[in-house]
Amino acid sequence: MNFTFYSSSSLRPKTRTEIEQEECERMCVRHLRSLEKLDEHEASGLQAAGFFNDDGEVRLLRKQHLDYVMRGLRYLGPGFICLDASRPWLCYWMLHSIDLLKGLETTGEAAHADVDTELLRHVMTTMASCQNVGGGFGGGTQQLSHCAPTYAAVLALLIVGTEEAYRIIDRPALYRWFLARKHPSGGFCMHDDGYVSKCPAVDGWEPQRHDELMKKRKKPFMYWEVDVRGTYTVISIASLLNLLTPELTADVADYLLSCQTYEGGFGGEPGQEAHGGYVFCAFAALVILGRAEEADLVSLEGWVARRQMEMEGGFQGRTNKLVDGCYSFWQGATAVLVDMVLSGEGEAEEAVGWRGSLGQAQPCSSRPSSPCLQTGDGKDGGSPRLDEVSADDAANISYKTVAIQPSLDVGEHDTPSLGRVPGLNQHALQRYILHCAQALDGGLRDKPGKPRDFYHTCYNLSGLSCAQWGRAGGKGGTALVYGDVGNLLHITNPVYNIRREKVERALRFYYTAPASHGALLS
């Protein structure tokens, strides 16, 4: 392989940013080498671990990742006490990872015999214990309701996907709690008393009063935590649970659009630097609201494309930062959504599952299950599970895979549309995740040299699914698979980041419930 390293001017001392970037590239290059470029001892060790197949193609260590996540779901040691306020997040990260790797089916004929139903019941019990009478979910039992764990708890219950799990969620209480989080700017705060203690909503908030109010602050805890994170978590969960009313969505899109920066991305608040996580939150919420076309899409597409690192192939979160595996989803899903919106074919609306132009939410139209789960004749059922798919099996499944050969030199991967998403190099992103983010004993990580964790496992796998399916995930089209054909994952919905089937199942359930403002408040 030919590598072109980042280089800085030799006429001045290197900055800390440049030094760290060069070191990161050196570490990644060691992991990006193909099998034939390794010495005999290293090559035999990696093949014995299952990292390469007999043809020298890199493999997703599916079993090791499943074992790592399943162990965590069953038991976490005392070292995790620092994440006591993140119990819904831990459940969501693990459940979604399992769902992408092998498909977590708990109902009907598709239910897997090896699913631990008692374990899933414990998940439901834990999520129920985090729900507060006043609405919303806290990070643990008897903890303050907060938008972030509410988002994670609801997604975890939707992944479980049973009517029992759905009925845990108190929709009317959650709706009232969401309304109480709404800020006059159009955004949402993350929790009760999440902005200046003398609530601007009561005093008559006006944008021009912001600086004046901030100057008058005398207590350090008086702080606005109204941003696109809270806004996305509210809007996405409300759309899944059939809670999107005109009262809840008033001025929200205008607030989100005000957060787009001159760079093309979105900041957490108006006037802040663009950042990958905020970009996804803001744009995905605009997609849900049917207002994504009003953003500067060309500028946004360019900003996301520039965040994909030239050598590593993965994404950085913002300018002058290092590659990080979690942005495989935050940036990768945004690229997919931008392409869906630009296509003008209604794919973004289909991913959301409703049409804002109709004046009310609409469930997804009926169509066959994921192409991952269809047989060659188009009938549901009878296909091998994804962890059992081999190259010989692939011809018998209705989707077509294009195995991208792992021979492309690192320096050659800057073609803007290699794959099916302009501005996203699907080949390079998959290569980074598989070569640099996998831990041999299971789990995925930020980058080489960093430890594995459940957060990065979830978002690396989510990004890998986006990179494999691109827009094809919404159309039953062709997947692009780097390395071994068995690396193919289930399709994640790029708006909500749970499997497409789980979104559709939830919509069919919740969109039969009362959804008007008056009915939800009565």
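A contact means that heavy atoms lie within 4.5 Å. The exercises below concern a predicted model.

**Exercise 1. Overall composition**

Determine what share of the contacts with a separation of 6 or more joins residues 24 or more positions apart, and describe the protein chain as a whole.

*Solution.* Step 1: of the contacts in the protein chain with a separation of 6 or more, 69% are between residues 24 or more positions apart. Step 2: the secondary structure consists of 22 helices and 6 strands. Step 3: the protein chain has 522 residues, and 57% of them are buried. Step 4: its accessible surface is about 21600 Å², with 51% belonging to carbon and sulfur atoms.

**Exercise 2. Confidence**

Identify where pLDDT stays under 50, and state how the coordinates should be read where pLDDT is low.

*Solution.* Step 1: the average pLDDT of the protein chain is 82, and 77% of the residues score at least 70. Step 2: residues 196–210 stay under 50, and the model gives them 18 contacts beyond four places in sequence. Step 3: the pLDDT is also below 50 over residues 354–418, a stretch with 154 contacts beyond near neighbours in sequence. Step 4: where pLDDT is low, predicted coordinates should not be read in detail.

**Exercise 3. The surroundings of V69**

*Solution.* Step 1: V69 belongs to helix 3, which covers residues 62–74. Step 4: for V69 and M94, a sequence separation of 25 residues goes with a C-alpha to C-alpha distance of 5.6 Å.

**Exercise 4. Helix 11**

Compare the span of helix 11 with the expected value, and determine how many of its residues are buried.

*Solution.* Step 1: helix 11 comprises the 13 residues 228–240; from first to last C-alpha it reaches 18 Å, close to the expected 18 Å. Step 2: 12 of the 13 residues are buried, so helix 11 is largely enclosed by the rest of the structure. Step 3: the buried residues include V228, Y232, I235 and L240. Step 4: just after helix 11, N242 adopts a positive phi of about 65°.

**Exercise 5. Cysteines**

Count the disulfides, and examine C91 and C281.

*Solution.* Step 1: a disulfide requires two cysteine sulfur atoms within 2.5 Å. Step 2: the count is 0 disulfides. Step 3: for C91, the nearest cysteine sulfur is that of C130, 7.8 Å away. Step 4: C91 is buried at a relative accessible area of 12%, and C281 is buried at 9%.

Conventions: Residues are numbered from 1 along each chain as its sequence is written. This is a predicted model: local features need pLDDT of at least 70, side-chain atom pairs count only at pLDDT 80 or more; totals for chains, interfaces and linings use all residues. Side-chain values use heavy atoms; hydrogens and water are left out. pLDDT is the predictor's confidence in each residue, from 0 to 100. Helices (H or I, at least four residues) and strands (E, at least two) are DSSP runs, numbered from the N terminus. The expected span of a helix is 1.5 Å times one less than its number of residues. Buried means under 20% relative accessible area, exposed over 50%, partly exposed in between (1.4 Å probe, protein chains only). Accessible areas come from the Shrake-Rupley method with a 1.4 Å probe; for residues, only the protein chains shown count as cover.
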